[in-house]
Amino acid sequence: MIALAPLPHDRVADVLHLLVGAGQDIFVHPIAEMVTDRVPGVAFHAARRDGGEVVGFFKTDRDYAERHDFAPPGIPGLRGMLIGAQYQGKGYGRAVMAALPAYLAGVFPGKSAILLTVNCTNPLARHVYLAGGWRDTGALYQGGRTGPQHILQLDLGRG
């Protein structure tokens, strides 16, 4: 079982053991770099397995639409999703995807959807998101650091 929860900035040491898998560093920054983000509106979250050990990390961005012109006004975003390389292949990614809709609806009450981008050269991540209920909007974001990205949306059932 996976539990998602906010990760306060004073607890970032809880996630520093998460490793980026071979070849994934072009899609996601090392965790030690991601936790230095102090942009207003960006919050950290941890995915913990049964025993409380952190197996994943992600950020939510309340002001995503202000930073990305493709996002409709008021729609938040998800960024920096990472399941530690040492935990990949054990079903944690699927478990996080299954838990995300209800969790994000609680993080963003009254919001109808959340967006993310996934690199066009990362079909595995795109498949995981789509299998987890995200849908491809059919649009591409051209401003990614490693090329075009699919824009995906998760409906939160509110708004």
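Predicted model: local features only at pLDDT ≥ 70, side-chain atom pairs only at ≥ 80, totals over all residues.
Visitor: What volume does the largest pocket have?
Guide: The largest pocket has a volume of about 1300 Å³, and its lining is made up of 43 residues.

Visitor: And which of those residues lie nearest its centre?
Guide: Nearest the centre of the largest pocket lie Val28, Met81, Asn122, Ala125 and Tyr129. Two or more lining residues come from each of strand S4 (77-83), helix H3 (92-107), strand S5 (113-119) and helix H4 (123-131).

Visitor: How many of the lining residues are nonpolar, polar or charged?
Guide: The lining of the largest pocket divides into 20 nonpolar, 18 polar and five charged residues.

Visitor: Switching to Arg49, where does it lie?
Guide: Arg49 lies in strand S2, which covers residues 42-49, and its relative accessible area of 28% falls between the 20% and 50% limits, so Arg49 counts as partly exposed.

Visitor: What does Arg49 touch, leaving out residues up to four places away in sequence?
Guide: With those left out, Arg49 touches Met1, Ile2, Val55, Tyr87 and Tyr92. With Tyr92, the side chain of Arg49 makes a polar contact of 2.9 Å.

Visitor: Which residue forms a salt bridge with Arg49?
Guide: Glu53 does, with the closest N and O atoms 2.3 Å apart, and Glu53 is itself partly exposed at a relative accessible area of 31%.

Visitor: How many salt bridges does the structure hold?
Guide: The structure holds 11 salt bridges. One of them pairs Asp14 with Arg48, the closest N and O atoms being 3.0 Å apart. That pair links distant parts of the chain, 34 residues apart, since Asp14 sits in the loop between strand S1 (2-6) and helix H1 (31-34) while Arg48 belongs to strand S2.

Visitor: Which residues are linked in a network of salt bridges?
Guide: The network links Asp37, Lys59, Asp61, Arg62, Asp63, Arg67 and Arg79. Within that group, the side chains of Asp63 and Arg62 meet at 3.5 Å, N to O, and Asp63 is buried because its relative accessible area of 16% is under 20%.

Visitor: Last one: where is Gln142, and is it buried or exposed?
Guide: Gln142 is in the loop between strand S6 (135-141) and strand S7 (149-155), and at 57% relative accessibility Gln142 counts as exposed.

Key. Residues numbered from 1 in each chain as written. Heavy atoms only, no water. 1 Å grid on protein atoms, 1.4 Å probe; cavity = no way out; pocket = protein on both sides within 12 Å on 5 of 7 lines; lining within 4 Å. Points joined across faces, edges and corners; volume = space filled by probe spheres on them. Helix = DSSP H or I, 4+ residues; strand = E, 2+ residues; numbered from the N terminus. Nonpolar A, V, L, I, M, F, W, Y, C, P; charged D, E, K, R; others polar. Buried < 20%, exposed > 50% of the residue type's maximum accessible area, 1.4 Å probe, protein only. Contact = heavy atoms within 4.5 Å. Polar contact = N/O pair within 3.5 Å; in protein donor to acceptor, adjacent residues only side chain to side chain. Salt bridge = Lys/Arg side-chain N within 4 Å of Asp/Glu carboxyl O.
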